[in-house]
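Here is a short briefing on aromatic side chains.

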Amino acid sequence: MKGSRILLTMLREYDVEYVFGLPGETTLPLYVEWLEFKDVGHVMFRDERNACFAADGYARVSYKPGICEAPSAGAAHILPAIVEAYASSLPIIAITTDTPLHLEKRNMLTGFNQTAIFNGITKETLTVLRAQDIPFTIRRAFRIATCGKPGPVHIRIPVNVLEEDAEVSDLYGQREFIRYPGQRFTAEEDMILKAVELLLYSEKPIIVCGQGVLYSQAWDEIIELAELLNIPVGTTITGKGSFPETHPLSIGVIGSRGGTSFSNEILKNADLVFYVGCNTDYAATNSWTLPPKDVKIIHLDISEAEVGNNLRTEIPLIGDAKSTLKLMIKILKTKMIKGATRSGLLEELRERRAKFEEGIAPNITSNEYPPNPIRIIKTLENMLPKEYIITCDAGVSAIYTAAFLKVKEAGRRILFNYSMGALGYAVPAAIGAYLAKPKSTIIALTGDGSFGFTVGEYETLARLNANVKIILFNNQSYGWIRASILFKYGPKYFETEFKNVDYVKIAEGFGLKASRIEDTREIERKLRELLTSEGPMLLEIPTLPEDKLTPPVPSWAEEAKKMGIRFIY
């Protein structure tokens with residue numbers, strides 16, 4: 001059996017529905033064999049980077065590892081997406097083909113040391129030297145990607161190995177690792193008991209959910225725990241969806257990316273913070289200023305590297321979020337009556353929330369042009385169907401969605417690439433999400449800055465006739481960079497502005513339906529047209545850059561207030 005056939009057979013053993021990639025000379029033996037494997041789908045992209053971001057979107061929504069492939073000439077192109085997956089602890093299996101390794105030092109065209117560049121940004125990089133080793137390698141890759149702290153695994157296969165004939169007797173998969181988490185383990189019970197005591201007797205506790213809650217699918221346990229103890233719940237930007245944001249105990253997103261004056265004030269005043277599946281990074285802690293240093297910390301995470309890594313921690317809990325919370329809830333139920341603690345907290349939260357929402361209300365009803373992003377986001381929220389996925393690019397798209405769009409039902413609804421925040425994520429991730437959930441409405445929120453990174457994939461959207469709705473915020477600049485310059489150095493802008501581009505005409509040239517909002521009176525009608533249209537469509541919405549209308553970033557809001565610049569926080 002040829003190495004190519006062995007590889008595709010193993011992918012089929014792991015119920016791989018789609019592989020995202022594009023052809024190259026070193027993948028030709030694989031592509032020829034692929035003609036006979038109709039049940040292992042292949043989705044051709046125009047750029048390897050975008051193919052890997054599509055695998056990212058697929059993995060976040062399907063709870064299966066995302067699979068991408070690239071030829072040797074394009075192997076380095078997937079690095080930005082692999083870095084994001086590594087920093088985000090997302091299981092991706094990246095298969096790159098290569099020239100024969102015995103030619104590595106002979107300056108073979110497209111050949112280079114792939115292992116060296118993937119070594120620091122994956123859980124493991126594996127090189128296949130013999131076709132008979134492919135089954136072992138695939139099993140190892142799925143096991144490593146899905147277990148413990150998830151993450152990407154790189155597999156390097158030289159073209160001569162794909163062409164090699166081999167006798168194999170181990171063409172089987174380990175089905176326990178088709179999805180993640182592959183195996184769950186629970187934190188020590190003695191430590192859980194100590195955490196329960198702290199939670200029961202603190203006066204102003206708060207739960208903060210990171211993306212690990214979504215990976216573990218532990219939202220039901222978070223809801224039950226919060227309701228048992230009447231504890232407010234916030235999330236990081238990437239953890240959004242861990243708790244329903246219309247719940248009376250929700251405070252929404254916290255920190256410097258999506259946090260508001262309401263949510264961050266609750267976090268600031270807490271006497272105990274229970275972090276669940278959170279790496280307490282720069283964004284979650286507003287540059288490690290929240291919570292204050294005297295606050296007690298309980299930290300539950302799958303990774304021993306993250307628990308107590310940035311904040312002094314009273315109770316470290318190392319284990320899977322769902323299984324550990326289940327045991328914690330079981331213990332709690334033997335010690336208390338549901339809802340018996342902190343009965344006055346709901347009213348305090350209600351009053352604070354009402355005051356905050358009163359403050360932002362004028363933005364929601366504003367008739368200004370270019371449209372206020374909050375009005376766009378809140379209008380979109382009111383039109384969303386029950387089943388939807390939103391992918392967000394960094395900038396206007398992500399910050400306003402994180403802060404102001406309320407997720408009504410817990411679960412993975414919104415995708416952010418906010419470990420790295422590279423531009424050009426939303427559109428390819430939306431394609432991956434669409435293929436994972438083809439019956440859902442998929443919405444990509446992007447910007448003119450990101451457009452240049454992903455424009456080639458508009459052809460992919462048209463070719464697939466993917467039911468993806470694109471909202472493109474156009475402020476004719478790298479607006480986030482302009483605000484970063486302004487609030488640190490003053491108005492010393494350099495290389496941030498774009499020429500006016502007709503994005504509608506470009507989208508139409510690729511075969512998409514497209515429209516533009518040219519008057520605030522069109523907002524509701526054009527958003528409704530977008531959501532109800534068949535197939536892919538783009539809606540361009542002009543916006544002010546972030547140095548003209550400052551989004552909810554705490555440090556920016558402080559500077560904007562001093563400078564007399566309009567801000568939302």
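Phe487 is buried, at 11% relative accessibility (buried means under 20% relative accessible area, exposed over 50%, partly exposed in between; 1.4 Å probe, protein chains only). This is a predicted model: local features need pLDDT of at least 70, side-chain atom pairs count only at pLDDT 80 or more, and totals for chains, interfaces and linings use all residues. Residues are numbered from 1 along each chain as its sequence is written, and side-chain values use heavy atoms, leaving out hydrogens and water.

**Aromatic pairs**
- The whole structure holds 18 aromatic pairs (rings of Phe, Tyr and Trp, with its six-membered ring, whose centres lie within 6.5 Å; planes under 30 degrees apart are stacked, over 60 edge-to-face, the rest tilted).
- Phe262 and Phe356 are stacked, 6.0 Å centre to centre with 20 degrees between the planes.
- That pair links helix α11 (residues 261–268) and helix α13 (residues 345–365), with Phe262 and Phe356 94 residues apart (helices are DSSP runs of H or I, at least four residues; strands are runs of E, at least two; numbering starts at the N terminus).
- Phe262 is buried at 7%, and Phe356 is buried at 14%.
- Phe487 and Trp556 form a tilted pair, 5.8 Å centre to centre and 40 degrees between the planes.
- Phe487 is in helix α19 and Trp556 in helix α22 (residues 554–563), so this pair ties together parts 69 residues apart in sequence.
- Trp556 is buried too, at 8% relative accessible area.
- Tyr18, Phe20, Phe45 and Tyr58 are linked into a cluster by ring pairs.

**Charges over rings**
- Arg139 lies over the face of Tyr172, 4.1 Å from the ring centre (CZ of Arg or NZ of Lys within 6 Å of the ring centre and within 35 degrees of the ring normal).
- Arg413 lies over the face of Tyr388, at 5.8 Å from the ring centre.

**Tyr478**
- Tyr478 sits in the loop between β16 (468–474) and α19 (479–489).
- Tyr478 is partly exposed, with a relative accessible area of 30%.
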